[in-house]
Amino acid sequence: MEVPILKQGHYVIASVQSALTDADLRQLREQITERVGRFRSKGVIVDVTVLDVMDSFAVRTLRDLAHMTRLRGAETVIVGIQPEVAFAMVQLGLSLKGVATALDLEEGLAFLDARAREHLTGGR
Amino acid sequence: MAGETVQVITTDADVVAARQRGRLIAAHIGFTIGDQTVIAAAISELARNILLYARHGEILLEPMQQSDRVGIKITARDTGPGIKDVPRAMTDGFSTSGGLGLGLPGARRLVDEFEISSAPGKGTTIIMKKWKL
């Protein structure tokens, strides 16, 4: 099932609505990378609140997505990882190393806003 | 308790179906949401391995009942190329597919019992058991 991707200001927001197949995940990765260029976005939020499991492929694809958007000038934040999903990920040995995460959409937006302000004031 | 459920694995949608069915059975057995997630994740890794290496196989899901405990038995079997070096395939970070190499060792960490039998040309069968605490 396709993930709706919305543009909001300088950000692109993808809200996962249901379980994702590998093909869905790949499509999400390609579409977000493309939208970042089309909308000249500075930030990406991927909301995975509804995902009830993340296996090695899902984690790898989200990590690749984050690294690809960073190479195109946009920071990605993964938001909404459920506590039991986080537990299973840790047991599996899966990490989102180098990828920003936040509790929910609100925190994700706050993270991107803070980062944008740092950039304006010349910090990093 | 219900008998076994078989999920054929030939597409990536079957991987999703297998883990969703596994979660439902685990919920029915009375596993916590946390354990249901762990079981779904373990099934996902095994189903993914079938798709990746054998292209075709199946996942069997069976409730288990012993005198004082209940659990779930998950069998993943295929008639694919088999695994040349089983101990190595069970090592974190080892992959012949360019993946993360965490599928099998990761799945083993998620369950209570894990058995693998495989030989080149003879396919692979993995049996995982998880007991309800």
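**Chains A and B in contact**

Student: In this predicted model, how many residues does each chain give to the contact?

Tutor: The structure is a predicted model, and the contact draws on both of its sides, with 22 residues taken from chain B and 18 residues from chain A.

Student: Which helix supplies the largest share of the side of chain B that touches chain A?

Tutor: On that side of chain B, α1 (12-29), α2 (33-54) and α4 (103-110) each supply at least two residues. The residues there divide into 9 nonpolar, 7 polar and 6 charged. The largest share, 9 residues, comes from α2(B).

Student: Are α3(A) and α2(B) roughly parallel or oblique to each other?

Tutor: The axes of helix α3 (residues 83-92) of chain A and α2(B) come within 9 Å and cross at roughly 45°, and the crossing is right-handed. The residues making this contact include Phe87(A) and Ala88(A) of α3(A), together with Thr37(B) and Val38(B) of α2(B). Angles under 35 degrees would count as roughly parallel, and α3(A) and α2(B) are therefore oblique.

Student: Is Val12(A) buried or exposed?

Tutor: Val12(A) has its place in strand β2 (residues 11-15) of chain A. Leaving aside neighbours within four places in sequence, Val12(A) is in contact with several residues, among them Ile5(A), Ile32(A), Val36(A) and Phe39(A); the C-alpha atoms of Val12(A) and Val36(A), 24 residues apart along the chain, are separated by 7.1 Å. A residue counts as buried if 20 or more other C-beta atoms lie within 10 Å of its own. Because 26 other C-beta atoms lie within 10 Å, Val12(A) is buried.

How values were computed. Residues are numbered from 1 along each chain as its sequence is written. Chains are lettered from A and ligands numbered from 1 in the order in which they are written. This is a predicted model: local features need pLDDT of at least 70, side-chain atom pairs count only at pLDDT 80 or more; totals for chains, interfaces and linings use all residues. Two residues are in contact if their C-beta atoms, placed from the backbone, lie within 7 Å. Helices (H or I, at least four residues) and strands (E, at least two) are DSSP runs, numbered from the N terminus. Ala, Val, Leu, Ile, Met, Phe, Trp, Tyr, Cys and Pro count as nonpolar, Asp, Glu, Lys and Arg as charged, and the others, Gly among them, as polar. A residue is buried if 20 or more other C-beta atoms lie within 10 Å of its own, exposed if 12 or fewer, and partly exposed in between; C-beta atoms are placed from the backbone. Axes are lines fitted to C-alpha atoms, for helices over the stretch in contact, and angles run from 0 to 180 degrees between N-to-C directions. Angles under 35 degrees count as roughly parallel, over 145 as roughly antiparallel, 65 to 115 as roughly perpendicular and the rest as oblique. A crossing is left-handed if the near helix is turned anticlockwise from the far one by less than a right angle, and right-handed if clockwise.
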